[in-house]
Amino acid sequence: MRVVPSARPRKLAKVPFAELADGRLQGVVSSGSDIGRVYVSSVEAGTYAFACSTNNNRPCGGARGSFCNHIRALVDEAVLQYGVERVTRYLKAEPTGEDPSGYSVFNAMYSTRPAQGDSSAAAQVFSRFLRHLAYLEYAPATAPLPEMQWFPTTRAVA
Amino acid sequence: MVPHDEGGGLMRADLLTDVVDGLDEALAAVDGFDGALVDGLLRPRPAQAVGLAGLADAVAGSPLAGRVAEAAEKTAAGAAGEDHFVALAAARTALLGSVHDALVARVGEAVGRPRPEESGTDRPGTQEPTANLLIAARSWLCDLARAGWRGIDHELVAGAAPVVSAMLPEPGMRRLAALLDGFAAELAASCPGAALEHVPVRRWADLWSRAVLLTLPGAASAPAVGEVTGRLLPLGVDVQEHATAVQAQVHAVFEPADGGPARLVRASVSAPKPDTVVGAGLWQLLRPHMSLLAAVGEGRAVEVDAMPVTAEGDLVWDDARARTGEPAEVFAAARVALPAAAAAPAAPLDRHPVRIAVPVLVEGYAVEEGDDGTAFLIAGQRLAVDVGRVPAAGPLTPEVIASSGACVGLLRWDAGEFLLQPLAVERTVRKKAVAVHAGAWAGGTTDKAGVRAEKAATDAVTVLRERAGRLLRK
């Protein structure tokens, strides 16, 4: 009945935020070395143009000319969260091999030698992350929402 | 096996498979309109005009006749204004309302419980300070109808986001906000529409029409009409969720303290949520706002004192008016109290088959597991069981359901057939009846798998907040 299955539970420490929106796979990736640093990373659907910069707007050292490890982590976690099919369809990626995974989706895009996009996406990703977080702050309510009957829980996940 | 206790509120499952007069005709008119939405109403083709005219014909004998006929005509000519779309949505809603009524009458015969009283409550047209948001929502919905499901793209779908963000902080706008948010997420996941393999035609037309009607001032108001005092005997918890919202509804038998007749009630708690909060995280979000969830988990009755209730039998929960009471076993409540409990009628605008969720007790069935899912064979009649509708964060698994001998569930209707959604089952373990509840973990759990799920959910929220802090401190 529902069209979009629930996100699969995943650990959020490495990639606290990943989404398919604005024509991009975009998200926030924790630094592997500095607890105080996070990266804002994105890959555009179709062209795979990529961007990665820190929370202080410094460009990511690993993303000079090609995908960095933050983008690798973002792809892996997005595949965990949304399922490989939805991620490939959204990005128009063409992974080879029988059992596509985050690894093969990443490689399929990487091998096309995508261009580095401009970092203007970062501000937008950041504001989307804040919008996402705002959902934690709205107070629960006890007035009934009859429309939620159209959205039954399902045991199925992405 | 033949029901051994005809007086105990057991169900006549045979009535659930009988033909309902007029149902196919009503749904055919609905399908005609729904088909017209697939390619959009910007420049309708002759086939779409037929669907529109069919909808108008179907309500020709109703007070809507004139407005819908005009709307169908203008829309077929590619000249529809917003009011025309509203009229079409109203006609579709009226048709499905009649389907709802026929199905509810049939369920009434099958379960043989007291009939609901006729609903005559008008909703007050309250002055809403958020009229501009309703207008913005309607405008987006009309753009959708013009583009059609085949014409959706990311830019069009993204138009819902600012409207939803502005609505969420307004308590009175939650119904429309939750609906639009879930709908837009589905559309976004299906973009571009031109490349879509399968269009969920009736579903999206359902969501669209409901949203259009909710943009009318006052349509979403369901005020409390009284207060009730007495004892609640919980029957189970139903969980609904999409990526960014969750609702838990407790179905219960209410026994008034004044000795009046028992009635069926619901108590709901809902919240917006980030899409990464799932499973046990849903319980954690809702638990602090409705003590009833813990009572359900512990298998206890709840005493309520002057709890507000709507005309539809929805308690508007307030923890200050509730006190956890004596242990109350769900199957005892279902066998003893449920047969005499009357349900409240649905509000006129809410009449839709999706809303049908009638608590029932079935027992003495055989379980059939085939390619088309699980079913109970009750006195030779097959009743499909919706095992997927049981929350993942709980002990009630498809395997447990398959080994059960009695079930308290919600009777629902979807895609042309009645289904049973299990809320709790009873199975025999070492010659003893043991109950397993879908909502057993609602208030927390000591179950090993449950504790793990709870910890993972807590970690997720902690990480989200901490990482956000890093970003915000830049």
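Modeller: Let us begin with B:A184, which touches B:V157 and B:A160 once residues up to four places away in sequence are left out of the count. Please keep in mind that this is a predicted model, and that B:A184 lies in helix α9 of chain B.

Colleague: Is B:A184 buried or exposed?

Modeller: B:A184 is buried, because 24 other C-beta atoms lie within 10 Å of its own, and the cut-off for calling a residue buried is 20 or more.

Colleague: And how far is B:A184 from B:A262?

Modeller: Those two residues are 78 residues apart along the chain, and their C-alpha atoms are separated by 40 Å.

Colleague: Back to α9(B), then. At what angle do the axes of α8(B) and α9(B) cross?

Modeller: The axis of α8(B), which covers residues 160-167, comes within 9 Å of the axis of α9(B), and the two cross at roughly 150°. Angles over 145 degrees count as roughly antiparallel, and α8(B) and α9(B) are therefore roughly antiparallel to each other. As for handedness, the crossing of α8(B) and α9(B) is left-handed.

Colleague: Which residues meet there, in α8(B) and in α9(B)?

Modeller: From α8(B) there are B:A160, B:V163, B:V164 and B:M167, and they meet B:L176, B:A177, B:L180, B:D181 and B:A184 of α9(B). Sorted by class, the contact of α8(B) with α9(B) has eight nonpolar residues, no polar ones and one charged residue.

Colleague: What about another pair, α3(B) and α5(B): where do their axes stand?

Modeller: Helix α3 of chain B spans residues 46-58 and helix α5 of chain B spans residues 82-111, and their axes come within 10 Å and cross at roughly 60°. With that angle, α3(B) and α5(B) are therefore oblique to each other, and α3(B) passes α5(B) in a left-handed crossing. On the α3(B) side the contact is made by B:L55, B:A56 and B:A58, while α5(B) provides B:L88, B:A91, B:R92 and B:L95. In this contact of α3(B) with α5(B), six residues are nonpolar, none is polar and one is charged.

Colleague: You mentioned B:A58. How far is B:A28 from B:A58?

Modeller: They are 30 residues apart in sequence, and their C-alpha atoms are 9.6 Å apart in space. B:A28 itself is placed in helix α2 of chain B, residues 23-38, and B:A28 counts as exposed because it has 12 C-beta neighbours inside 10 Å, the limit for exposed being 12 or fewer.

Colleague: Changing topic, how many residues of chain B are in contact with chain A?

Modeller: There are 67 residues of chain B in contact with 43 residues of chain A. The elements that give two or more residues to the side of chain B that touches chain A include the helices α9, α10, α11 and α15 and the strands β1, β2 and β3 of chain B. By class, the residues on that side of chain B divide into 35 nonpolar, 14 polar and 18 charged.

Colleague: Over to chain A. Which residues of helix α2 in chain A are buried?

Modeller: In that helix, which runs over residues 84-91, A:V84, A:V87, A:Y90 and A:L91 are buried. Seen down the axis of α2(A), these buried residues fall within an arc of 140°, so they line one face of the helix. What covers the buried residues of α2(A) includes the strands β1, β2 and β3 together with the helices α1 and α3 of chain A.

Colleague: What happens just after α2(A)?

Modeller: A:K92 comes there, and it takes a positive phi of about 55°. A:D22 also has a positive phi of about 55° although it is not a glycine. A:D22 lies in the loop between β1 and β2 of chain A, and A:D22 counts as partly exposed because it has 18 C-beta neighbours inside 10 Å.

Colleague: And where is A:R113 placed?

Modeller: A:R113 is in the loop between α3 and α4 of chain A. Its phi is near 50°, a positive value in a residue other than glycine, and A:R113 counts as exposed, with 10 C-beta neighbours inside 10 Å.

Colleague: One last thing: which peptide bond is cis?

Modeller: The bond from B:C191 to B:P192 is cis, with omega near -10°, and B:P192 is found in the loop between α9 and α10 of chain B.

Conventions. Residues numbered from 1 in each chain as written. Chains lettered and ligands numbered in written order. Predicted model: local features only at pLDDT ≥ 70, side-chain atom pairs only at ≥ 80, totals over all residues. Helix = DSSP H or I, 4+ residues; strand = E, 2+ residues; numbered from the N terminus. Arc of directions from axis to C-beta. Contact = placed C-beta atoms within 7 Å. Axes fitted to C-alpha atoms, helices over the stretch in contact; angles between N-to-C directions. Parallel < 35°, antiparallel > 145°, perpendicular 65-115°, else oblique. Left-handed = near helix turned anticlockwise from the far one by under 90°. Nonpolar A, V, L, I, M, F, W, Y, C, P; charged D, E, K, R; others polar.
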